[in-house]
Amino acid sequence: MTRTLQSSARSALLEVRAHAPLVQCLTNAVVTNFTANVLLALGAAPAMTDLPGEAGPFARIAGGVLVNLGTPHAEQRTAMLEAVAAADEARVPWVLDPVAIGALPIRTELAHALRERRPTIIRGNASELLALAGDGAGGRGVDATDDVEAALPSARTLAARTGAVVAVSGPVDAITDGERVIRIGNGTPLLTRVTGGGCALGAVMAAFAAVDSDRLQAAASAVLVYTVAAELAAARSAGPGSFAVAFLDALAALTPEQLDERAVIA
Amino acid sequence: MTRTLQSSARSALLEVRAHAPLVQCLTNAVVTNFTANVLLALGAAPAMTDLPGEAGPFARIAGGVLVNLGTPHAEQRTAMLEAVAAADEARVPWVLDPVAIGALPIRTELAHALRERRPTIIRGNASELLALAGDGAGGRGVDATDDVEAALPSARTLAARTGAVVAVSGPVDAITDGERVIRIGNGTPLLTRVTGGGCALGAVMAAFAAVDSDRLQAAASAVLVYTVAAELAAARSAGPGSFAVAFLDALAALTPEQLDERAVIA
Amino acid sequence: MTRTLQSSARSALLEVRAHAPLVQCLTNAVVTNFTANVLLALGAAPAMTDLPGEAGPFARIAGGVLVNLGTPHAEQRTAMLEAVAAADEARVPWVLDPVAIGALPIRTELAHALRERRPTIIRGNASELLALAGDGAGGRGVDATDDVEAALPSARTLAARTGAVVAVSGPVDAITDGERVIRIGNGTPLLTRVTGGGCALGAVMAAFAAVDSDRLQAAASAVLVYTVAAELAAARSAGPGSFAVAFLDALAALTPEQLDERAVIA
């Protein structure tokens with residue numbers, strides 16, 4: 001698995017850089033800028049098209065779509081449903097990030113509706129995924145109050161039920177298609193000290209799903225590339241400000257060799 | 001006063017880092033990212049929940065709430081009124097930042113309505129606070145055209161009338177509960193060269209109010225921590241770009257000793 | 001032409017720093033923060049006032065207005081029409097940036113309506129300007145799929161028809177009033193790796209138009225200042241993250257001598 005995943009992550013990274021897939025992000029107001037910069041650093045082409053009347057047509061020509069529920073205002077909610085319907089029809093992969101669901105009613109209802117629309121990948125922290133699976137009350141805002149391993153049975157059930165690959169973020173990330181589970185131990189706590197540290201990963205998953213039709217592999221490759229770049233950046237940072245800057249530089253400069261040297265996969 | 005404030009600022013900083021209070025920000029579209037990163041660097045937990053239907057429920061569980069009027073779109077205005085009512089009912093402290101009121105009609109009317117909803121702290125520049133007190137026409141967009149000391153009598157009256165602590169930003173910041181006045185002389189002009197330099201301070205005040213029930217002390221501690229970190233960052237910066245980065249690093253690394261060494265309090 | 005443009009760029013830069021013109025930006029959600037920071041670094045005073053009911057009154061007192069169609073939500077579209085009418089009436093210069101028009105219906109219709117409202121400057125990439133001129137289908141999201149020189153005849157026609165100066169961005173930028181054409185060869189590919197690299201230039205054009213009534217000269221001066229600062233920043237960067245930071249520092253520190261030494265004008 002280890003060698004296979006590293007090899008597919010390398011290929012997917014080079015594919016993204018070569019073809020710059022168009023990644024449509026319907027994401028929260030806090031992280032649009034960082035998310036676009038992460039995609040640009042990676043070599044993808046971001047487009048934050050989240051207007052009703054435009055979100056659907058754009059999803060048809062996108063390589064991948066991200067739907068992130070961080071600040072789902074009324075107009076954006078309409079656009080999300082439109083984008084997802086178009087993506088499904090045009091067989092464009094899409095990623096669902098159910099940010100902070102559980103306690104907050106509007107996004108929780110929306111997340112449950114979107115769960116039935118055949119997402120390609122679902123990502124979140126343990127609390128969010130438990131809440132989406134119907135097995136938990138959600139976390140505290142965007143913070144997980146539950147553990148990755150404890151959430152894994154629910155994540156597998158969620159994957160089996162929805163047909164999506166489910167990726168649970170935490171100190172060790174777990175990615176499952178309901179049967180297989182890949183665990184990736186790379187990363188740095190600094191990713192939790194920069195807003196969008198989790199949200200932008202959803203966009204990277206959409207970029208990788210655009211170039212790799214094996215969705216488990218695509219999700220896991222995205223996690224590996226993202227967290228290895230984060231580790232390299234952490235080593236050159238004096239705090240969360242310089243980390244965010246170094247992370248973009250590291251994503252842009254990441255080599256296949258760095259992926260091989262650093263990957264911690266189980 | 002000096003020793004007391006430094007000591008309470010030290011305690012509040014350590015409390016924020018230990019307990020990561022949830023700070024709900026209903027703030028303007030320009031500074032959401034920077035504000036969230038400032039709170040994360042400080043050790044608090046930001047949540048930009050500003051949807052009608054979610055803003056109220058979230059305010060009940062938040063440690064503190066910021067209401068910043070920089071870009072108050074219709075949906076956000078509804079959410080602000082909802083959040084403030086819930087915060088007041090649940091006795092959660094909330095901060096009002098009446099950005100650019102005076103000339104601009106919609107936010108001016110909203111600010112005057114919010115002024116009556118028992119804000120815990122009101123912060124702004126001299127022109128904004130004069131306009132909120134009914135004693136001035138407002139500034140030029142977000143720029144103050146009035147002087148801190150000249151605005152102080154109005155700030156005291158505003159504090160007495162609303163029951164809020166009022167903090168006036170400028171080269172020397174003045175914070176008053178209507179009777180006492182604390183002046184803090186720390187800071188750097190670079191804070192005015194980064195967008196959100198003032199707005200994020202409102203969020204930091206909400207974080208400090210979450211851990212310190214003495215609201216004058218909480219507001220002044222926030223100013224002290226914020227402006228001392230800014231001074232340390234300015235010393236390591238080559239311009240406004242590197243300053244914003246160094247500021248986040250400095251907030252995360254700030255020590256009680258640095259607060260003691262640098263505090264300029266009157 | 002070369003000496004004239006460098007000299008007017010120098011004067012305009014010093015004017016902006018001396019008078020800090022108020023630049024109102026009705027721009028997309030992804031780049032508000034970066035755009036405001038670019039204007040602050042330059043010495044201008046940004047204000048992102050894009051509410052119906054406030055956008056018009058503010059445009060009357062602004063030095064220049066930017067209308068950027070990157071994420072034109074319903075409320076912002078109303079505000080844009082209001083701002084443009086007020087700017088025209090008060091003879092405040094305004095810049096139109098028709099982001100990603102062509103394939104996307106709502107912004108395309110809006111751009112064609114705005115085209116008739118006497119913009120002072122229109123800027124975009126070759127694909128966007130071809131689409132606005134009615135001679136092309138638009139690009140791929142924000143990416144140009146057409147060439148600057150190939151778009152120049154359409155840009156000249158568009159300038160002649162609308163009375164606007166038209167600026168086409170690319171490896172060599174071309175700026176035309178329909179008759180004269182100025183080409184500027186400065187810049188760096190890193191500007192395309194940071195989101196808002198093009199959008200913020202529109203805001204800088206509005207700032208320069210606020211201090212220089214020769215609109216061709218204002219647009220070309222903005223391009224020169226912007227791209228020379230970008231070159232200086234690229235020389236000090238390790239990737240797109242550090243480039244964005246260094247760019248803000250370089251804009252703030254830019255000297256007339258650096259403009260003279262580096263300008264590549266045809």
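# Exercises on a predicted structure

A:Met48 lies in the loop of chain A that runs between strand 2 (45-47) and helix 3 (55-61); helices (H or I, at least four residues) and strands (E, at least two) are DSSP runs, numbered from the N terminus. This is a predicted model, where local features need pLDDT of at least 70 and side-chain atom pairs count only at pLDDT 80 or more, while totals for chains, interfaces and linings use all residues. Residues are numbered from 1 along each chain as its sequence is written, chains are lettered from A and ligands numbered from 1 in the order in which they are written, and side-chain values use heavy atoms, leaving out hydrogens and water.

## Exercise 1

Task: Describe the surroundings of A:Met48.

Solution:
- Step 1. Start with accessibility: A:Met48 has 8% relative accessibility, so it counts as buried (buried is under 20% relative accessible area, exposed over 50%, partly exposed in between, with a 1.4 Å probe and protein chains only).
- Step 2. Now look for contacts (heavy atoms within 4.5 Å). Leaving aside neighbours within four places in sequence, A:Met48 touches A:Cys25, A:Thr27, A:Thr32, A:Thr35, A:Ala36, C:Val30 and C:Thr71.
- Step 3. Check the record: UniProt, in an unreviewed entry, places the feature "binding site" at A:Met48 and A:Gly196. Such annotations may be inferred rather than shown by experiment; feature names are shortened, and positions follow the numbering used here.

## Exercise 2

Task: Is A:Gly196 buried or exposed, and where is it found?

Solution:
- Step 1. Find A:Gly196 in the loop between strand 8 (181-184) and helix 8 (199-211) of chain A.
- Step 2. Its relative accessibility is 7%, so A:Gly196 counts as buried.
- Step 3. Apart from neighbours within four places in sequence, A:Gly196 is in contact with A:Val31, A:Phe34 and A:Tyr226.

## Exercise 3

Task: Work out the strand order of the open sheet in chain C.

Solution:
- Step 1. Follow the eight strands across: the order is 2-1-3-4-5-6-7-8, with mixed pairing (two strands pair if DSSP finds at least two bridges between them).
- Step 2. Find the edges of the sheet in chain C: strand 2 (45-47) and strand 8 (181-184) each have a single partner strand, so one side of each is left without a neighbour in the sheet.
- Step 3. Zoom in on one pair: strand 4 (residues 94-97) and strand 5 (residues 121-125) of chain C run parallel and are joined by two bridges. C:Leu96 has C:Ile122 in strand 5 as its bridge partner.

## Exercise 4

Task: What share of the 266 residues in chain A is buried?

Solution:
- Step 1. List the elements: chain A has 11 helices and eight strands.
- Step 2. Read off the share: 64% of the 266 residues are buried.
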